[in-house]
Amino acid sequence: MLFKQLAVPLASEVVDVDLSRSLDDDSFKAIDEAFNDRGVLVFRGQQITPEQHIRFSRRFGELEIHVLKQYLLADAPEILVISNMMKDGKPVGIADAGQQWHTDLSYVEKPSRCSILYAKEIPAPGRDQTYGDTCFVSTEAAYDSLDPDMKAYLGTLQAKHSYLKRPHIRKKLSEEQKQAVPDVIHPVIRTHPVTGRKCVYVNESFTTEIIGLKPDESDALIRQLCALCESERFMYRHKWRVGDILMWDNCSTQHLAVADYGPDQHRLMNRTTVAGPAVF
Ligand code: SIN
């Protein structure tokens, strides 16, 4: 199997794999190892059904069902639809699944191990530009760049994460949905469950408070760590084509969907998320 490095320090393309077929164990092992090492994998030119998307995703673990049930595929609830399209006056998917830096589901006790996103429609590229790119940063590289005293200090801290951090931009939840996502506390530095590498685990979308610090100190530290993680030197920017499948690690990376397209430029993606362990 051939892997092509796309950026430093994260992201590789997996060349010559057809994900509509089931993978043999050796191929799966090679992909799994590359994934743990590189944090983001790209598969170009795929054509898969929801069942094939689910089958491939299940190789990495149990699948999650998103709290926004109105955007799940009716006959495949493991798939969350992300889209700005409308059908019969209703949105076909969630239009904003992440236009601030975040890592998926950091607001639950056991955040997703990885997310697998399949591009079905992408806004047509302009002459010099693509639209609706997704940017990724390596939170491992962000951690590695810290000095030893800061690493030691951050290693003692914990932070609160909340789905409700930005109620003005977040889809309104029913009372029942709110109860399904109470605030959680995670270490500020988490350990990757497979590689054992340390990662900064604070993000702009969901981290609300560093436990034990005064509010202004807590806000300042969250801002400082987010600015560090979001730095261009740790970044890969993916320019989508229809048929791309991207998978990313929700421990060692953060991402952001660039909202630079209008309502008539259609974007339609299917996403699965694979369950992960409690953060440590
Ligand atoms: C997500 O944050 O899961 C979606 C990213 C995207 O739509 O590009």
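1. A salt bridge is counted here where a side-chain nitrogen of Lys or Arg lies within 4 Å of a carboxyl oxygen of Asp or Glu. By that criterion the structure, which is a predicted model, holds 13 salt bridges. Some of these are taken up one by one in the points that follow.

2. Lys4 and Glu13 are joined through their side chains in a salt bridge, with an N to O distance of 3.6 Å. The two partners may be described separately in terms of accessibility: Lys4 is partly exposed, at 46% relative accessibility, whereas Glu13 has a relative accessible area of 13% and is buried.

3. Asp32 and Arg113 also meet in a salt bridge through their side chains, at 3.1 Å from N to O. This pair links distant parts of the chain, 81 residues apart, since Asp32 belongs to helix 1 (residues 25-38) while Arg113 sits in the loop between strand 7 (90-91) and strand 8 (114-121). Asp32 and Arg113 are both buried.

4. For Arg58 and Glu78, which form a salt bridge, the closest N and O atoms are 3.1 Å apart.

5. Which cysteine sulfur is nearest to that of Cys135, and how far away is it? The structure holds zero disulfides, and for Cys135, which is in none, the nearest cysteine sulfur is that of Cys229, 14 Å away. Cys135 is itself buried, with a relative accessible area of 4%.

6. Cys251 is buried, and its relative accessible area is 4%.

7. Turning to the overall build, the secondary structure of the protein consists of six helices and 18 strands. The radius of gyration is 18 Å, which agrees with the value near 19 Å that a compact globule of 280 residues would have. Taken along the principal axes, the box filled by the C-alpha atoms is roughly 50 × 45 × 40 Å. Of the 280 residues in the protein, 55% are buried.

8. The second largest pocket contains about 240 Å³ of space. It is lined by 14 residues, of which Glu64, Ile65, Val67, Leu105 and Val108 are the closest to its centre. By residue class, the lining of the second largest pocket comprises eight nonpolar, three polar and three charged residues.

Key:
Residues numbered from 1 in each chain as written. Predicted model: local features only at pLDDT ≥ 70, side-chain atom pairs only at ≥ 80, totals over all residues. Heavy atoms only, no water. 1 Å grid on protein atoms, 1.4 Å probe; cavity = no way out; pocket = protein on both sides within 12 Å on 5 of 7 lines; lining within 4 Å. Points joined across faces, edges and corners; volume = space filled by probe spheres on them. Nonpolar A, V, L, I, M, F, W, Y, C, P; charged D, E, K, R; others polar. Buried < 20%, exposed > 50% of the residue type's maximum accessible area, 1.4 Å probe, protein only. Helix = DSSP H or I, 4+ residues; strand = E, 2+ residues; numbered from the N terminus. Disulfide = S-S within 2.5 Å. Rg over C-alpha atoms; globule rule 2.2 N^0.38 Å.
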